[in-house]
Amino acid sequence: MTWKSRGELPSRSVISQRWALFLCFGSFCAGMLFTTRIWTIPENNKGLARPTAAETDKLNVVSEGCNSRIMQELEMKRDKDIYGEVYKSHNSIQTLDKTISNLEMELAAARATQESLRSGAPVSDDIRMSESSGKRKYLMVIGINTAFSSRKRRDSVRATWMPQGEKRKKLEEKGIIIRFVIGHSATSGGILDRAIEAEDRKHGDFLRLNHVEGYLELSAKTKTYFATAVNLWDADFYVKVDDDVHVNIATLGETLVRHRSKPRIYIGCMKSGPVLSQKGVRYHEPEYWKFGEAGNKYFRHATGQLYAISNDLATYISINQDVLHKYANEDVSLGSWFIGLDAEHIDDRRLCCGTPPDCEWKAQAGNICVASFDWSCSGICRSAERIKEVHRRCGEGENALWSASF
């Protein structure tokens with residue numbers, strides 16, 4: 001190649017670069033021209049358009065609704081948390097109250113035992129056993145009210161509806177305690193007390209109370225019985241029955257079980273008899289003036305032949321026994337102790353059936369009576385002689401008791 005030809009090469013390169021720059025600039029201008037986007041902002045961009053006033057109001061309503069719903073949910077959650085804390089506190093208070101009540105009952109039992117020892121009154125084997133062993137739970141404690149002169153009545157009860165020996169122990173395993181309830185004589189350790197002690201050594205079915213026996217002291221005896229029983233045995237119910245009344249134990253248990261989950265139960269045959277102001281008549285009420293004008297009736301209360309109260313009511317009696325007023329009639333006294341309480345009075349007429357043919361007809365109809373007695377005698381007339389006949393015709397049968405499940 002000649003020198004001249006080498007000199008033309010730089011000239012062609014220069015021309016090519018200029019044309020290249022010109023073509024780039026021209027392409028840029030053409031592109032801007034065709035796309036019409038030279039630094040302009042679109043005015044009608046639907047995606048970025050400002051909302052109208054109506055749309056703004058609608059958005060505000062939706063926003064307020066969301067905020068209100070969120071606040072409601074937060075308040076509900078807060079209320080639920082508060083309720084949960086209150087519920088926990090309530091349960092804690094109930095547990096504490098129950099603990100305090102149990103301690104008060106144990107203290108009352110210890111004081112009663114100590115007073116019995118100091119006064120020289122006979123102390124029941126049940127009290128000694130309860131001090132040396134822990135309590136178990138029972139369905140019911142049946143206290144049969146009896147007197148020093150009622151040996152024949154007690155023997156007739158033992159021969160009919162009250163199990164003896166190993167059967168009584170088996171009954172306790174089913175959750176039922178039965179005891180004859182009696183205090184001591186005015187002369188502690190006298191012939192009457194020794195007779196009861198000998199009978200107790202033979203049968204082992206007495207609950208001795210720190211109480212002086214006497215017909216006019218039945219209200220005090222009833223109060224002492226419940227206070228003593230609730231401290232000895234932890235049961236759902238405590239029953240009081242007279243020793244001249246026939247009882248079907250299984251039917252009684254089945255009746256009480258229906259009310260097991262309820263608080264403050266007072267069950268019996270409710271009545272409202274006249275307040276007797278005349279002196280010398282049976283059931284005379286010395287404090288008749290407290291019940292209003294002459295001819296007035298008592299408040300509703302269970303008849304005294306048989307009634308039952310729940311554990312919490314028996315505990316109430318035990319704690320407040322020193323300030324509970326005693327009227328002349330023990331069934332009236334018991335009813336008066338519950339007037340100011342939120343207690344449920346249950347009127348069950350099967351707890352006060354008549355003797356045959358009344359209880360027999362009901363048994364044949366499938367409605368077995370809990371208790372049977374003669375209203376005219378406030379118990380079975382000549383019960384020591386007739387209770388076997390009542391048991392034969394109105395009894396539920398021994399198998400009913402052992403097959404029952406409480």
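Modeller: With -90° about the S-S bond, the disulfide of Cys-353 and Cys-369 is left-handed; a disulfide here is a pair of cysteine sulfur atoms within 2.5 Å. The sulfur atoms of Cys-353 and Cys-369 are 2.1 Å apart. Cys-353 sits in the loop between strand 8 and helix 11, and Cys-369 in the loop between helix 11 and strand 9 (371-372), 16 residues apart. Helices (H or I, at least four residues) and strands (E, at least two) are DSSP runs, numbered from the N terminus. Both Cys-353 and Cys-369 are buried, where buried means under 20% relative accessible area, exposed over 50%, and partly exposed in between (1.4 Å probe, protein chains only).

This is a predicted model: local features need pLDDT of at least 70, side-chain atom pairs count only at pLDDT 80 or more, and totals for chains, interfaces and linings use all residues. Residues are numbered from 1 along each chain as its sequence is written, and side-chain values use heavy atoms, with hydrogens and water left out.

The structure holds 4 disulfides, and with bonded cysteines counted along the chain their pattern is 1-2, 3-5, 4-8, 6-7. Cys-269 and Cys-352 form one of them, with 2.0 Å between the sulfur atoms. The torsion about their S-S bond is about -95°, so this disulfide is left-handed. Cys-269 belongs to strand 6 (residues 265-271) and Cys-352 to the loop between strand 8 (344-347) and helix 11 (358-364), 83 residues apart. Cys-269 and Cys-352 are both buried.

Another disulfide joins Cys-359 to Cys-394, S to S 1.9 Å. Its torsion is about 65°, so the disulfide is right-handed. Cys-359 lies in helix 11 and Cys-394 in helix 12, so the pair ties together parts 35 residues apart in sequence. Cys-359 is buried at 1% relative accessible area, and Cys-394 is buried at 2%.

Helix 12 (residues 383-394) also meets helix 4 (residues 151-158): their axes come within 9 Å and cross at roughly 10°. Axes are lines fitted to C-alpha atoms, for helices over the stretch in contact, with angles from 0 to 180 degrees between N-to-C directions. The two helices are therefore roughly parallel, a label for angles under 35 degrees. The contact (heavy atoms within 4.5 Å) is made by Lys-152, Arg-153, Ser-156 and Val-157 of helix 4 and Ser-383, Ala-384 and Ile-387 of helix 12.

Lys-388 is also in helix 12 and counts as exposed at 53% relative accessibility. Leaving aside residues up to four places away in sequence, Lys-388 touches Ala-159 and Thr-160.

Definitions and conventions. Parallel < 35°, antiparallel > 145°, perpendicular 65-115°, else oblique.
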